[in-house]
Amino acid sequence: MPAQHSRRALLGASIALAGTGIVAACADGNAAADHSGMPHGGPSGTTAPEGYVSPDGPEVAAAEKLRGAGPVRKVALTATPSRLELGGGRTVSSWAYGDRLPGKEVRVTAGDTLALTLANHLPQATSMHWHGLALRNDMDGVPGLTQRAIEPGADFTYRFAVPDPGTYWVHPHSGVQLDRGLYAPLIVEDPKEPLSYDKEWVVVLDDWLDGVDGSTPDAVLKELTGGSGHSGHAMPAPSSSAAADDGPSRMLTGATSELLGGEAGDVGYPYYLINGRTPDDPSAFTARPGDRIRLRIINAGGDTAFRIALGGHRMTVTHTDGFPVRHTATDALLLGMGERYDVLVTAGDGVFPLTALAEGKKASARALLRTGAGTAPAASAEPKELTGQLVTADRLVPDESVALAAREPDRTVRIRLTGSMAAYDWAFDGKPYTADQRNPVQAGERVRLEFRNATAMWHPIHLHGHTFALAGTAAGARKDTAIVLPRQSLTVDLDADNPGLWMLHCHNLYHAEAGMMTVLGYRR
């Protein structure tokens, strides 16, 4: 489990109620409780184009019924203003789940029914998205599309069958809340786990600015967009602190990476964290020499790709984005925002740095593997493995159990990635996101998505509710988030087997909020 650190909850004497009510279908097909007192209308609170499956429609209920109803695992989380201790005596005011950074790990078994109640003690409306899970559409957690936002002072229970084992995570899909402390690992255990290992180390990577010298993600977005506002994504009303213009400039220029094909990012963060800790005061994972350790690595960052390596060790990649691959040895891995990798290592004897280089940003995050006596290397030291062999996702071969069967596509959806850093007008096909956008697909189709990146920036593209196979390669690993390099193309194939309205977006948080989002919609 990740090292997690307590904080004091700071709640105002009163919380202003704002935003919309909540309504979504529960796993049994009945309407969930609405805590707003408002009329329901549609599940999203918007008027959707006709002819498409509704998030709470009978097609979604039928797909959920086929998944079955396993044992119910009840979990409660609270989103709340917090004081977070990042290490080295640094304490910041932010928002978090419960009393930890990262939030308390949610661990279930594939086949379970998860019933997670999220209580909103924030001064903004919020939501919870289950990154990577092919769950029922009305539980996907996208306000304005699949549900109404959870008001301040309200709570909502997400209830759904958990289909696939793997490493996932949860975060809001409400404005730029992800770039605070609102994230937590979601680990789905395999009841027939084929891997053999002694210990498990969940590793969450993050870039951090909230509460540092007055910075907030809202102020950063305002700076990047020139105050032009947000996309058509359902945005919570800013809190008084979020609306402040305080804080230094966080706009980043001149950050380049050969691995990323040019520009590395838009935002310069003061800190980079592993499991909520700065590199000069890192968390430590304790094991014995010879232990076989499974690392579950999650990039929860807003604008940073991380290149990660464990000093003195080779890693064996076993999974990407929750799905197994043919075991592949490597020295280092590159993770875009939202990506996950599972690796196995055999622990040496001593103290070893797990270093996550903020790609192109001349800074790092760090944790320690401690198996014996010894002194930790300096925080600035970088293990040689960071510049060793690096296996990318297109080189990974899916395990036979999850390989997508060969089939010609029934439909091809072509999407052009557009925009620039100067104008900060990131979009698909030059059209900023609106909630009524639809890229139509039909249940049962093999769908090919072709992304052509016409920009000078790399983009990690994420599809909700599905995994896809990387097409055009001999490998075809199954993923839900994949990097599209500048001026390059990416082709992926998927089976349209989960009806609903599904977000497709860049997982650079600020690109998405500028407008680089759209919807894959199932026709009735």
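Visitor: Which residues are exposed on the other side of α1?
Guide: In this predicted model, helix α1 spans residues 58-67, and its buried residues are Val60, Ala63 and Glu64. On the other side of α1, the exposed residues are Pro58, Lys65 and Leu66.

Visitor: Within what arc do the buried residues of α1 fall, seen down its axis?
Guide: The residues concerned are Val60, Ala63 and Glu64, which are buried in α1. An α-helix has 3.6 residues a turn, so residues three or four places apart point the same way. The buried residues of α1 line one face of the helix, because, seen down the axis, they fall within an arc of 100°.

Visitor: Which strand is included in what covers the buried residues of α1?
Guide: Val60, Ala63 and Glu64 are the buried residues in question. What covers them includes a strand made of residues 155-161, namely β7.

Visitor: Is Asn299 buried or exposed?
Guide: Asn299 has its place in strand β15, which runs over residues 292-299. Beyond its neighbours within four places in sequence, Asn299 is in contact with residues including Trp169, Leu205, Phe306 and Met337. Since buried means under 20% relative accessible area, and Asn299 has a relative accessible area of 0%, Asn299 is buried.

Visitor: Which residue's backbone oxygen does the side chain of Gln177 reach at 2.8 Å?
Guide: Gln177 lies in the loop between β8 (166-171) and β9 (184-189), and at 2% relative accessibility this residue counts as buried. The backbone oxygen that the side chain of Gln177 reaches at 2.8 Å belongs to Ala125.

How values were computed:
Residues numbered from 1 in each chain as written. Predicted model: local features only at pLDDT ≥ 70, side-chain atom pairs only at ≥ 80, totals over all residues. Heavy atoms only, no water. Helix = DSSP H or I, 4+ residues; strand = E, 2+ residues; numbered from the N terminus. Buried < 20%, exposed > 50% of the residue type's maximum accessible area, 1.4 Å probe, protein only. Contact = heavy atoms within 4.5 Å. Polar contact = N/O pair within 3.5 Å; in protein donor to acceptor, adjacent residues only side chain to side chain. Arc of directions from axis to C-beta.
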